[in-house]
Amino acid sequence: MHSLINRLRRRPISICGEIFGESTILSTGEVVCGCVDPLGINPLGNINQQSIKDIFYGDKYRSLRDQILSSSNDSFCPALSCDCCFKTLPAKDVNIRIPVIKKLTIETTSFCNLRCLDCSVPRWMSAKSPRLAKLDHRKIERAIMDTRDDLQQISLYNYGEPFLDHDLIPLLRFIRQKTKAWIYIHTNGTIMAEGVPEIIAREQLIHAISFSIDGTYQESYERYRIGGDFEKAFNNMISIHKYKNIYKNQYPTIIWQYILFDWNDSEEEIKRVQELAEQYQLDVLWVATHSVGASKKYAYGSQRFKDLPGAKTFR
């Protein structure tokens with residue numbers, strides 16, 4: 001490690017901050033580098049057998065860091081064998097001497113109620129794959145307690161639908177009581193139990209929540225979100241907004257994620273998204289995709305995509 005650090009002083013290098021300050025826990029308990037292995041093909045450890053710290057400072061993580069530190073000054077990741085949008089940080093901006101877990105991404109469940117195009121979950125369900133699992137909350141709590149001194153962010157998403165986990169609200173309360181971490185959840189929004197939007201807003205259990213709603217009509221929405229209900233998802237999203245205002249609370253920030261496809265990118269539908277977002281004080285996260293049916297009009301990097309007013313962009 002010391003020789004690598006000395007070499008970094010002599011030449012610039014782009015690295016991925018995830019393996020120096022972040023960790024992803026899958027519903028199986030397997031720990032992976034989120035950007036490298038979201039499917040859990042090459043796990044770095046399993047919290048059912050080891051503590052998260054033992055894994056994070058173990059041989060497999062160390063080997064992965066060495067690969068990145070030995071790589072070129074560009075976005076090419078030797079672990080992925082391709083370009084990675086996360087491998088863009090200057091080495092000087094990351095604590096490479098003493099890696100510390102500042103962010104945890106936790107997939108509490110990999111089950112989902114929808115059958116979205118290009119998603120792995122429907123294939124796992126058809127094959128009864130062991131990749132489908134619900135993570136033991138006692139293991140989650142241990143990982144959080146082991147890292148809470150340095151923990152700055154917890155993201156509860158990856159594959160699966162978080163609100164299928166019926167223990168999610170108690171877990172959120174635990175996180176809020178035990179840490180000062182910023183909490184983010186991503187959801188399809190269709191299966192929140194009665195009363196959950198009010199609980200989330202009243203207790204400010206989440207700092208930010210994003211909803212995958214790719215359309216403003218059922219017909220365009222369900223082209224991708226197969227089995228989804230636009231009205232349910234949208235009403236749950238604005239219910240949180242309503243209760244947030246009732247209780248005059250700051251959180252959660254509510255984000256409407258909208259993936260742009262050929263079937264939902266008409267001028268009429270884009271305008272309706274913007275009008276609804278303004279009406280309900282929602283941030284819009286526009287997503288250009290490489291998935292089947294990707295919008296040609298709003299391709300990633302195009303000027304038209306960049307010019308979407310009031311939007312955040314993510315790749």
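**Strands, crossovers and backbone features of a predicted model**

Reader: How many of the 6 residues of strand β13 are buried?

Author: The structure is a predicted model, in which local features need pLDDT of at least 70 and side-chain atom pairs count only at pLDDT 80 or more, whereas totals for chains, interfaces and linings use all residues. Residues are numbered from 1 along each chain as its sequence is written, and side-chain values use heavy atoms, with hydrogens and water left out. Buried means under 20% relative accessible area, exposed over 50% and partly exposed in between (1.4 Å probe, protein chains only); strands (E, at least two residues) and helices (H or I, at least four) are DSSP runs, numbered from the N terminus. Strand β13, residues 283-288, is mostly covered, and the number of its buried residues is 5.

Reader: Which residue of β13 is the bridge partner of Ile255?

Author: Strand β12 (residues 253-260) pairs with β13 in the parallel sense over 6 bridges, where pairing requires at least two DSSP bridges between the strands. Within β13, the partner of Ile255 is Asp283.

Reader: Which residue joins Pro252 through a cis peptide bond?

Author: Most peptide bonds are trans. Pro252 lies in the loop between α10 (230-246) and β12. Omega is about 5 degrees for the cis bond, and the residue joined to Pro252 is Tyr251.

Reader: Is strand β10 largely enclosed or exposed?

Author: On one side, strand β9 (residues 153-156) pairs with β10 in the parallel sense over 4 bridges, and Gln153 stands opposite Trp182. The chain passes from β9 through α7 to β10 in a right-handed β-α-β crossover. Because 5 of the 6 residues of β10 (residues 182-187) are buried, the rest of the structure leaves this strand largely enclosed.

Reader: Which residue of β11 is the bridge partner of Thr187?

Author: β10 and strand β11 (residues 208-212) form a parallel pair over 4 bridges. The link between them runs through helix α8 (residues 196-203), again as a right-handed β-α-β crossover. The partner of Thr187 is Phe211.

Reader: What is the relative accessible area of Gln204?

Author: Gln204 sits in the loop between α8 and β11. Its phi is positive, near 50 degrees, although the residue is not a glycine. Gln204 counts as buried because its relative accessible area is 19%.

Reader: Are α6 and α7 roughly parallel or roughly antiparallel?

Author: The axes of helix α6 (residues 137-147) and helix α7 (residues 168-178) come within 11 Å and cross at roughly 15 degrees; axes are lines fitted to C-alpha atoms, for helices over the stretch in contact, and angles run from 0 to 180 degrees between N-to-C directions. Residues in the contact (heavy atoms within 4.5 Å) include Ile140 and Ile144 of α6 and Leu171 and Phe174 of α7. Angles under 35 degrees count as roughly parallel, over 145 as roughly antiparallel, 65 to 115 as roughly perpendicular and the rest as oblique. The two helices are therefore roughly parallel.

Reader: What distance separates the C-alpha atoms of Lys134 and Gly160?

Author: Lys134 is found in the loop between α5 (121-127) and α6, where this residue is partly exposed with a relative accessible area of 41%. Beyond four places away in sequence, the residues that Lys134 touches include Ser27, Thr108, Asp165 and Asp167. Gly160 is 26 residues away along the chain, and the C-alpha separation is 9.7 Å.

Key. A crossover is right-handed if, with the strands pointing away from the viewer, the path from the first strand over the helix to the second runs clockwise.
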